[in-house]
Amino acid sequence: MNKVTLSGVDMTYVNKSGEIPALVDIFLNIKTEEFVSLLGPSGCGKSTILSLIAGMLRPSKGQILIDGEPVIGTSPKVGYMLQHDHLLEWRDIRRNTYLGLEVRGLADKEHCRHADELLIRYGLGGFMNRYPSELSGGMRQRAALVRTLALEPEVVLLDEPFSALDYQTRLTLEEEVATILKQEHKTVILVTHDIAEAIAMSDRIIVLSARPGTVKAEYTIELSGKNNSPFAARQAPEFREYFKEIWSVLEEGHATVR
Amino acid sequence: MQQSVKKKSHFYSGWLRRGAVSEIHGEYLEQIRKREIMIVTYQVLIGLIFLVFWEIGARMGWIDPFITSQPSKVLETIVSLFNSGKLWIHIWTTVWETAVGFLLGTVGGSLIAILLWWSKWVADILEPYIVILNSVPKVALGPVFIVWLGSGTPAILMMALAISVIVTVMMVFNGFNEVNPDTIKLMHSFGASRQQILAKVVLPATFPTMIAALKVNLGLSLVGTIVGEFLVSKEGLGYLIVYGGQVFNMSLVMASVIILCIVAALLYYSVTFLEKRLIHWK
Ligand SMILES: Nc1ncnc2c1ncn2[C@@H]1O[C@H](COP(=O)(O)OP(=O)(O)OP(=O)(O)O)[C@@H](O)[C@H]1O
Ligand SMILES: [Mg+2]
């Protein structure tokens, strides 16, 4: 079952100095509950792909489908998480997680209770009445994840959500987020610059070329003894093979740019 | 302290070391508290020396008290103003004119800033006018306001408003534009309308800037009010100062200036107090 489909998508930005082709002829099929990572050089259009799927941008050409229906605007079916948590510092954690619900007009008892449950389930129960400045980076990003999940999206888009964290926190959070998203049966698209992170977390990796972005290579990741744990995945014997392979493909890209 | 050395918790002892949790902490606390005491002492000392020299200088004839007045006369004047019951009327007049001016300036300026944020189109069109208005010395418009509004309270309020409103527009509008674009992107991903983005993100994020504008405006509106009172009024501290100058009663001028300083400081601290109460998440 295809959850998200991009068929023949072009995206061209226009500004004063002219046209900037960001994406050319992108075809992608992402299956229900699949975890897919997008890797590629800086500026190749990874964030653009996420914005298109989120319905925040219109493609210049081609079509984007979710559950077989064309995307015409933002929808509660899609949740978007950015590099920084963007928690509002004047709201406590609980009211931060209600933000999306409020905007969507869904901040009723039932939905708010669900958000509270998610906070408790993911270890933030004791911090519901704290302000973001009192939380560590990892906890803040977890709260941001709960804010996304509170809207019960079916597709979750992650744009380098771990890149602002220190290494230790990053590994821990990768593990937690992967577990949470599997538990909640989400379809996930992760944008990252970190090859190891992509291999450890994903079912499939899509490598994009330098701008204008096109799909350059695709890898289905099969690791022995992975058990959906990114941490365990890093110990798998196949891990290094994937790493070397993807590294060399990305390097090629660098060479052609120069 | 010498006595308590034997006690286990000797580092708690001594008023300067109160609250210490260890020997080093106690020493540290003692050090910074001594420093604070010294600073306050010097601050008071400078003021006192100034007053003493002023008084002695006037009495010994080093300076001419007819031009400079002297502390004892100033104090006398304040007491007699107070006893005549007129002091409160003057203070109250200046305070409410300033308060109305700076509240109108802050609220009005913020509303205009919201309009500019709402429509980039309007903002771009008005930009040169705002820059020009900002650089005009508003005091120069005093005569214009008097012709338009008559020589009375409305002209004073207009002066206080004019002097604070444009600064507020610029401060608050800049604050709006400093809101992280990615936070707004996040709101867009929830499908938020412009109004929701304004109410849930932009306004609360800029709230501290608005309070900062309030502080700046307080000073500016006070200038506007005093200048307005110089020009037209029959009441208020500005009027007292001008009147004192006209009849060459320097004690009255100095007394009024000192009262004005105290009023300004009290107004400033009340806004600071408000700020602490309102911005509780930091
Ligand atoms: N609003 C815009 N107007 C003009 N050009 C844009 C705009 N947004 C993005 N671009 C350009 O489109 C290209 C793709 O941008 P995008 O942000 O999708 O890249 P990215 O792969 O996410 O990069 P990074 O890894 O640095 O996050 C970039 O070269 C960028 O300069
Ligand atoms: Mg990006």
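This is a predicted model: local features need pLDDT of at least 70, side-chain atom pairs count only at pLDDT 80 or more; totals for chains, interfaces and linings use all residues.
**Notebook: chain B and ligand 1**

I started with the surface of chain B: its accessible area comes to about 16,500 Å², and carbon and sulfur atoms hold 71% of that.

Next I looked up the secondary structure. I then checked the radius of gyration of chain B, which is 26 Å; the globule rule gives 19 Å for 282 residues, so chain B is more spread out than a compact globule. Along the principal axes, its C-alpha atoms fill a box of roughly 70 × 65 × 30 Å.

I also looked at burial and contacts. Of the 282 residues in chain B, 40% are buried. Among contacts in chain B with a separation of 6 or more, 63% join residues 24 or more positions apart.

Then I moved on to ligand 1. I counted 13 residues around it, and the nearest are Ser42(A), Lys46(A), Ser47(A), Thr48(A) and Arg211(A). By class, I get four nonpolar, six polar and three charged residues in this shell.

Which elements supply the shell? Strand 2 (18-31) and helix 1 (46-53) of chain A each give at least two residues, and helix 1 has the largest share, with three.

The side chain of Ser42(A) has an N or O atom 2.7 Å from one. Taken alone, ligand 1 exposes 630 Å², and I see the protein burying 65% of that.

Conventions: Residues are numbered from 1 along each chain as its sequence is written. Chains are lettered from A and ligands numbered from 1 in the order in which they are written. Side-chain values use heavy atoms; hydrogens and water are left out. A residue is near a molecule or strand if one of its heavy atoms lies within 4 Å of it. A polar contact is a pair of N or O atoms within 3.5 Å; within protein, one must be able to donate a hydrogen and the other to accept it, and residues adjacent in sequence count only if both atoms are side-chain atoms. Accessible areas come from the Shrake-Rupley method with a 1.4 Å probe; for residues, only the protein chains shown count as cover. Helices (H or I, at least four residues) and strands (E, at least two) are DSSP runs, numbered from the N terminus. Ala, Val, Leu, Ile, Met, Phe, Trp, Tyr, Cys and Pro count as nonpolar, Asp, Glu, Lys and Arg as charged, and the others, Gly among them, as polar. The radius of gyration is taken over C-alpha atoms; the globule rule is 2.2 Å times the number of residues to the power 0.38. Buried means under 20% relative accessible area, exposed over 50%, partly exposed in between (1.4 Å probe, protein chains only). Contact means heavy atoms within 4.5 Å.
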